[in-house]
Amino acid sequence: MDQIDKLAADVPLLPAATRDAAPARTRRWHIAVFLAPALLVYTALMIVPLADTLRLSLFRSVEHAPVFVGLDNFRVLLTDPRWSLHFWAAFRHNLYFFAFHILLQNPVGIALAALLSLPRLRGQAFYRTAFFLPTMLSFVIVGFTWKLILSPLWGVAPALLGSVGLRGWFHPWLGQEATALTTLALISVWQYVGIPMMLIYAAMLAIPGELIEAAELDGITGFAQFRKIKLPLIWPTVGICSILTFVGNFNAFDLIYTINGANAGPNFATDLLGTFLFRTFFGNQLQLGDPNMGATIATMMFLIILAGVAAYLFGIQTRMRRYAL
Amino acid sequence: MGSLALSAIRKSFGAVDVLKGVDLDVAAGEFVVFVGPSGCGKSTLLRIIAGLDEQSAGDVRIDGRLMNGVPPARRGIAMVFQSYALYPHLTVAKNMSLALSQEGVAAADIRRRVETASALLRLDALLDRRPAELSGGQRQRVAIGRAIVRQPSLFLFDEPLSNLDAALRVGTRIEIAKLHRQLGATMVYVTHDQVEAMTLADRIVVMHGGVVEQVGRPLELYARPANLFVAGFIGSPTMNFIGGDAAARASAATIGVRPEHLVVAREGAWTGAVSHAERLGADTMLYVDVPNVDVLGAGMLTTRILGDIDYDVGDRVGLTPQEGKVYRFDGGGNSIAA
């Protein structure tokens, strides 16, 4: 007893406080243990490559030896005309590509979801599968198929248009600078419209039946019902779709590469940051690969997406309310 | 204002007949309750009146106007749902006014009607809140308010108290009864709870298996049930049904005695041992095994005595029905007039 009293006098903390602290420390350990596997995998596959890319963008290869140049690569990329012309063009194309998706893919997705959730629609499962099918196809197949369809030499588009007397309307859309990017954006929308459609369709199915019946009784039917009741309840899902589209668009590469190649022709008219990065990093035809400038472009892409997602999370998400149904 | 007439309403879902010909007249200002076990068709009937479901055959008339095929919003009705079905993205005030603004009612008129309803239902402090910020009872009052502002000729209630806890249920029940007196509107109310039916209704419609078993004032159903089903459904605990010799002596196929009409003494018409006792303070339920009486169903007679009577399991008691309180039923289950 004496000894314990003495110990208590020595320790400035109250005995109760030490007792409380002990289990808290144990709890922290088991949180770490459970987080460890995910953290390890994520670190190995995401954080390390990302950090290494950031590191790479701060160096330049001089006579096969890396030299630290600070942010000079970024200055070159953004201001030196040899790089900046391509970079800003790709950035503009990316913005156009994204705007096209937001203004077309989301409304079409919402419209398709609204049609699919009509209670009297027959063949729902068929339409749902048909609209979602392109999303499940490989971009290689999609790209190659559309290239075949739209080819002025052996494509079916001229013949199809000709069969309804509109042969004159056909243009080699993929091969003309003015229309190539829009055509690619349309193909991409066609391929990926299934994702917003499915997410929004699920959100619409989650609206309780009695709520819709209450609206019917209140005289809110048809399009007014969609606008005043359903749309406000699916906005959060539309927000998620938009941010997924944003990230997807600013990382886009595959469709352009399969259809118009790494040079993103004609005359770089369909060049996105993704194809620009690919050419720079790995080299293409006569262009030699430059991992440092490639990493610089990749870092810029990372920063652009980070800024976009952060703007969404803090600017839009916080103001948007998810309602308990 | 607000009379309702149903004639020969039938409803089938595929091969299943849910309603097998329902006729009913509801006078303006009346409070009518549809009551029955689950699956009896009472909710389907209400939905047909509302226009949410279309009847397979028969006519619905509201205020004398034929309503077949008329969309819900143009029937001059308002409905309160079991789940309240409030618009989660709108404030209480908007929830109540949405239908009015859709109709094109003038803004000043809308404000006046919302204010009147919110004063009546004590919603003034809640007008700017959203449904998620309200308690169950408050949501229920908003749902009723949303119905009131439309000034319908007919109110429809679909089990509106089922989602409330017991204490709140009693309070809201009283409020609905008061509301009916204040508004004087016609109300049709669906419930499976006979206490709600007995306390609220001017007239009760007892439904079973898609047909109306009996329509009448609450105490009329209690005192003069038309058949075995109504006799068993109205009253708690359930009426005791006795067949065999005891019934034959009364020249009936079955006789029924309500638990509260059995007198307990040392000796009686039927004697047996108490097999279970429930003591609630204000009254006591005894479940008595009577081996030589043909009790239908549970095989035990239930009796309800006022006050806390100290009987133990195993005690022998005698049970005698009160004079004139024995219900007689024929072989088809219909009441035999006394």
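User: In this predicted model, which residues is B:Val188 in contact with, leaving aside its neighbours within four places in sequence?

Analyst: Leaving aside those neighbours, B:Val188 is in contact with B:Leu4, B:Val26, B:Val32, B:Phe34, B:Leu46, B:Ile49, B:Leu154 and B:Leu156. In soluble globular proteins, nonpolar side chains tend to be buried together. Here the largest nonpolar core has 101 residues, and B:Val188 is listed with B:Val33, B:Phe34, B:Ile49, B:Met79 and B:Leu156 as those that touch the most other members. There is also a second, separate core of 50 residues, which includes A:Ala269, A:Leu277, A:Phe278 and A:Ala298.

User: How should I read chain B as a whole, and what does its secondary structure come to?

Analyst: Chain B comes to nine helices and 18 strands, and its C-alpha atoms fill a box of roughly 75 × 45 × 35 Å along the principal axes. Of the 338 residues in chain B, 42% are buried. Among contacts in chain B between residues at least 6 apart in sequence, 64% join residues at least 24 apart. The domain assignment gives domain 1 (4-229) and domain 2 (238-329) of chain B, with C-alpha centres that lie 38 Å apart.

User: How is chain A divided into domains?

Analyst: Chain A is divided into domain 1 (16-56) and domain 2 (72-317), and the C-alpha centres of these two domains of chain A lie 36 Å apart.

User: How many residues of helix 1 of chain B are buried?

Analyst: Nine of the nine residues in helix 1 (residues 42-50) of chain B are buried, so that this helix is mostly covered. Among the buried residues of helix 1 of chain B are B:Lys42 and B:Arg47 as well as B:Leu45, B:Leu46, B:Ile48 and B:Ile49. The helix is followed by B:Gly51, whose phi is positive, near 90 degrees.

User: What do the buried residues of helix 2 of chain B pack against?

Analyst: They pack against helix 3 (107-120) and helix 4 (136-149) of chain B. The buried residues of helix 2 (residues 92-103) of chain B include B:Val92, B:Met96, B:Leu98 and B:Leu100, together with B:Asn95 and B:Ser97. After helix 2 of chain B comes B:Gly104, with a positive phi near 90 degrees.

User: How is the packing of two helices described, and at what angle do helix 5 and helix 9 of chain A pack?

Analyst: Two packed helices are described by the angle between their axes and the distance between the axes. Helix 5 (residues 124-136) and helix 9 (residues 194-205) of chain A pack at an angle of about 130 degrees, with their axes 8 Å apart, and that angle makes helix 5 of chain A oblique to helix 9 of chain A. In this contact A:Phe131, A:Phe132, A:Pro134 and A:Thr135 of helix 5 meet A:Gly194, A:Ile195, A:Met197 and A:Met198 of helix 9. By class, the contact has six nonpolar, two polar and no charged residues.

User: How many residues of chain A are in contact with chain B?

Analyst: 17 residues of chain A are in contact with 17 residues of chain B. On the side of chain A that touches chain B, the elements giving two or more residues are helix 10 (209-217) and helix 11 (222-250) of chain A, and helix 10 of chain A gives the most, with six residues. The residues of that side of chain A divide into 12 nonpolar, one polar and four charged.

User: Is B:Asp124 buried or exposed?

Analyst: B:Asp124 counts as exposed because it has 10 C-beta neighbours inside 10 Å. B:Asp124 is found in the loop between helix 3 and helix 4 of chain B, and it touches B:Ser118 and B:Ala119, not counting residues up to four places away in sequence.

User: What is there to notice about the backbone at B:Ala8, B:Gln151 and B:Pro237?

Analyst: Most residues other than glycine have a negative phi, and most peptide bonds are trans. B:Ala8, although not a glycine, has a positive phi of about 50 degrees; B:Ala8 lies in strand 1 (residues 4-13) of chain B and is partly exposed, with 13 other C-beta atoms within 10 Å. B:Gln151, also not a glycine, has a positive phi of about 45 degrees and is found in the loop between helix 4 and strand 7 (154-158) of chain B. A cis peptide bond joins B:Ser236 and B:Pro237, with omega about -5 degrees, and B:Pro237 is found in the loop between helix 8 (228-233) and strand 11 (240-242) of chain B.

Technical notes
Residues numbered from 1 in each chain as written. Chains lettered and ligands numbered in written order. Predicted model: local features only at pLDDT ≥ 70, side-chain atom pairs only at ≥ 80, totals over all residues. Buried ≥ 20, exposed ≤ 12 C-beta atoms within 10 Å, placed from the backbone. Helix = DSSP H or I, 4+ residues; strand = E, 2+ residues; numbered from the N terminus. Contact = placed C-beta atoms within 7 Å. Domains from an automatic or database assignment. Core = buried A, V, L, I, M, F, W, Y, C linked by C-beta atoms within 7 Å. Axes fitted to C-alpha atoms, helices over the stretch in contact; angles between N-to-C directions. Parallel < 35°, antiparallel > 145°, perpendicular 65-115°, else oblique. Nonpolar A, V, L, I, M, F, W, Y, C, P; charged D, E, K, R; others polar.
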